[in-house]
Amino acid sequence: MLLDTASLYFRAYFGVPESVKAPDGTPVNAVRGLLDFIDRLIKDHRPDRLVACMDADWRPRWRVELIPSYKAHRVAEEHPGGPDEEQVPDTLSPQVPVIEAVLDAIGIARVGVAEYEADDVIGTYTARAAGPVDIVTGDRDLYQLVDDARGVRVLYPLKGVGTLQTTDEALLRAKYGVDGSGYADLALLRGDPSDGLPGVPGIGEKTAARLLDRFGDLAGILAAVDDPGSGLTPSQRKRLDEARPYLAVAPKVVRVATDVPLPEVDTALPRTPRDAVALDTLASRWGLGGSLQRLLATLAE
């Protein structure tokens with residue numbers, strides 16, 4: 001099981017009231033909410049291995065160089081020498097280091113790699129997996145990894161993590177008209193304002209799906225642009241032809257990396273805390289209460 005950790009703690013932050021606080025009055029709603037999420041996921045799905053995948057760089061420079069608008073609207077402050085600072089609610093930012101410290105003390109593998117997003121870490125673990133993979137994320141971009149033949153599915157939270165949409169190829173075909181491998185092409189053609197991806201003007205989701213169904217993939221669509229007998233409408237041909245500079249770079253931006261240099265970590269679920277003393281200190285300092293105790297009891301089962 002691979003967790004898109006930031007996606008889940010953002011959901012926890014907005015789903016759990018800020019009245020959930022540490023003894024000193026600091027909000028810990030994201031921390032406790034994430035612990036509750038992980039507890040529920042382990043109880044319901046019993047993974048053998050679990051990795052909390054992190055955004056070491058939420059807006060990698062190499063993606064921005066290809067498409068400058070990539071996530072640009074979410075930048076709080078630019079840092080030329082390193083990752084830009086993302087706009088995050090004031091009361092969430094201080095909780096992220098606590099989340100990291102608690103996961104480390106429990107012994108849940110936590111992996112982020114410089115110059116890569118959590119999506120890329122997830123993509124690489126998925127590519128290397130010998131068995132089935134459950135990806136837990138609220139980000140539809142990761143639908144591109146769905147692969148029935150390999151047992152790769154996305155568990156997409158609809159309400160907390162108690163109600164998850166199990167996303168397989170049948171669901172993708174029914175909802176979007178593509179399978180997992182076609183989802184990235186669909187996404188780059190239609191664009192995604194939340195990620196600053198412009199897409200091809202005039203090519204919405206349904207048109208993109210029809211083009212992919214007819215021509216197979218992005219390469220097939222571009223070949224059709226060059227073929228006068230392909231059956232593209234004049235407006236489609238013109239729009240796709242004018243979008244060639246974008247379409248030349250968009251695949252590298254939209255498709256998750258599968259060759260991230262992952263560190264050697266133990267991904268097995270811990271039965272007992274890795275650092276019980278540190279965990280006790282964190283539990284007392286931040287008032288983690290029942291959320292932590294329930295997760296520890298589940299891990300010990």
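I located arginine 63 in helix 3, residues 61-66 (helices are DSSP runs of H or I with at least four residues, numbered from the N terminus). The model is predicted, so I note that local features need pLDDT of at least 70 and side-chain atom pairs pLDDT 80 or more, while totals for chains, interfaces and linings use all residues. Residues are numbered from 1 along each chain as its sequence is written, and side-chain values use heavy atoms, without hydrogens and water.

I looked up the burial of arginine 63: its relative accessible area is 3%, so it is buried (under 20%, with a 1.4 Å probe and protein chains only). Leaving out residues up to four places away in sequence, I listed its contacts (heavy atoms within 4.5 Å); among them are Tyr70, Glu117, Asp120 and Arg255.

Next I turned to aspartate 195, in the loop between helix 7 (180-190) and helix 8 (205-215). Aspartate 195 is buried because its relative accessibility is 8%. Its side chain makes a polar contact of 3.2 Å with that of arginine 74 (a pair of N or O atoms within 3.5 Å, one able to donate a hydrogen and the other to accept it; residues adjacent in sequence count only if both atoms are side-chain atoms).

The axes of helix 7 and helix 8 (lines fitted to C-alpha atoms over the stretch in contact, with angles from 0 to 180 degrees between N-to-C directions) come within 9 Å and cross at roughly 135 degrees. I record the contact residues as Gly182, Asp185, Leu186, Leu189 and Arg190 of helix 7 with Glu205, Ala208, Ala209 and Leu212 of helix 8.

Conventions
Helix = DSSP H or I, 4+ residues; strand = E, 2+ residues; numbered from the N terminus. Buried < 20%, exposed > 50% of the residue type's maximum accessible area, 1.4 Å probe, protein only.
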